[in-house]
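Okay, thanks for coming, everyone. Let me put the model up and we'll walk through a few spots.

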Amino acid sequence: DKGNHRHFMAKEIHEQPEVVGRTIAHYVDLAAGRIKMPAELDVDFRKVNRLVISACGTAYYAGLVARYWFERLARLPVEIDVASEFRYRETPLFETDLALFISQSGETADTLASLRYARASGAKVLSVVNVPTSTIARESTAVLPTLAGPEIGVASTKAFTCQLAVLLALAIAAGRARGTLSERDEEGLVSALVSVPGLMAEALKSEPEIEGLARELSKARDVLYLGRGMAYPLALEGALKLKEISYIHAEGYAAGELKHGPIALIDETVPVIVLAPNDAVFEKTVSNMQEVAARGGRIILVGEENAAREAAVDTMATIAMPAMNPIIAPMVYAVPAQLIAYHTALFMGKDVDQPRNLAKSVTVE
Ligand code: F6R
């Protein structure tokens, strides 16, 4: 049931404040201002030397975001790879490693094969899944559910942001266990986490502006997405969403990599979408934006209003995001990234819920 939405994808984008809120509530003891993990998560993070993450597609990008959280909040080294590579790499795993798999469907063939590889190596296997009865859930030592509800649109949206919510909660729990976060740090992070649904609702208000960009974007042959830090995997995710449903070629790049090649592509025909939360690397992203502007690139800046004004770069458009603690920005900035893809594809008359050549669940490699 699409409710009063035209597509499942629109419904699923719009229900994110609710389902991300539900997911967060599952992992937070609100009264205590603390994270609570399911009892079956029998992991002593003090004894974990390395977190090894594997997944496919959008779920992999959630893992890439989570790497920043685990490293920063828990000082836990993270190794991550796409499951189709991981399963064949013959990568050494040790008893002191914790393996983590992320999957909406819980049936993705490559992710499942990677999980079985990790199990066979004797690693503890943790999974973040949306379908609790799935094979990946069944074969895991412990399951951290996302409570996104059924995701029908082939392009993943709400499952992604729910995965991020679970992963941030887990990174906070790991940081507490490893002593890298104090009780006060935890309280601060928990209050940032519980602010996410409200901020996502704010971010959804940018929809009319984004709709207004669809015509311009639909004319593009290539679109570049740039971000630094946690906005880098988000740039990858934004580009994937656009490719999948509009069939426009899009690429996500770490903003700092621009001058190592992709800047050669920039001219007035290439829209450049810059995801720039107000974080520690914001100024760096701004200088990359100036490099793009100097070469005639047409910038769509997604960022906080004040920050965007201070950046003083010529942009084609600015999508205003509310002010927030940058640690939670990936969940909020996912919303405009999804809406950009949705409205561009819709304007082009594409089947946004069932893009060509794609299946919701990839059960063959
Ligand atoms: C992108 C998308 C895919 C999936 C990938 C993994 O919008 O939906 O990239 O994220 O196929 O699927 P799951 O999460 O079911 O393992």
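So, which residues of helix α9 (residues 196-204) are buried? They are Val196, Pro197, Leu199, Met200, Ala203 and Leu204. Buried here means under 20% relative accessible area, with a 1.4 Å probe and protein chains only. Helices, by the way, are DSSP runs of H or I, at least four residues, numbered from the N terminus. Looking down the α9 axis, those buried residues sit within an arc of 160 degrees, so they line one face of the helix; the arc is taken over directions from the helix axis to the C-beta atoms.

Quick housekeeping. This is a predicted model, where local features need pLDDT of at least 70 and side-chain atom pairs count only at pLDDT 80 or more, while totals for chains, interfaces and linings use all residues. Residues are numbered from 1 along each chain as its sequence is written, and side-chain values use heavy atoms, leaving out hydrogens and water.

Next, a helix pair. α12 (residues 231-246) and α15 (residues 329-347) pack at about 20 degrees, axes 9 Å apart. The axes are lines fitted to C-alpha atoms over the stretch in contact, and angles run from 0 to 180 degrees between N-to-C directions. The two are therefore roughly parallel, a word we keep for angles under 35 degrees.

Last stop: Asn288, in helix α13 (residues 282-294). Its relative accessibility is 3%, so Asn288 counts as buried. Beyond neighbours within four places in sequence, Asn288 is in contact (heavy atoms within 4.5 Å) with Arg228, Ala255, Gly256, Leu258 and Lys259.

How values were computed: Parallel < 35°, antiparallel > 145°, perpendicular 65-115°, else oblique. Buried < 20%, exposed > 50% of the residue type's maximum accessible area, 1.4 Å probe, protein only.
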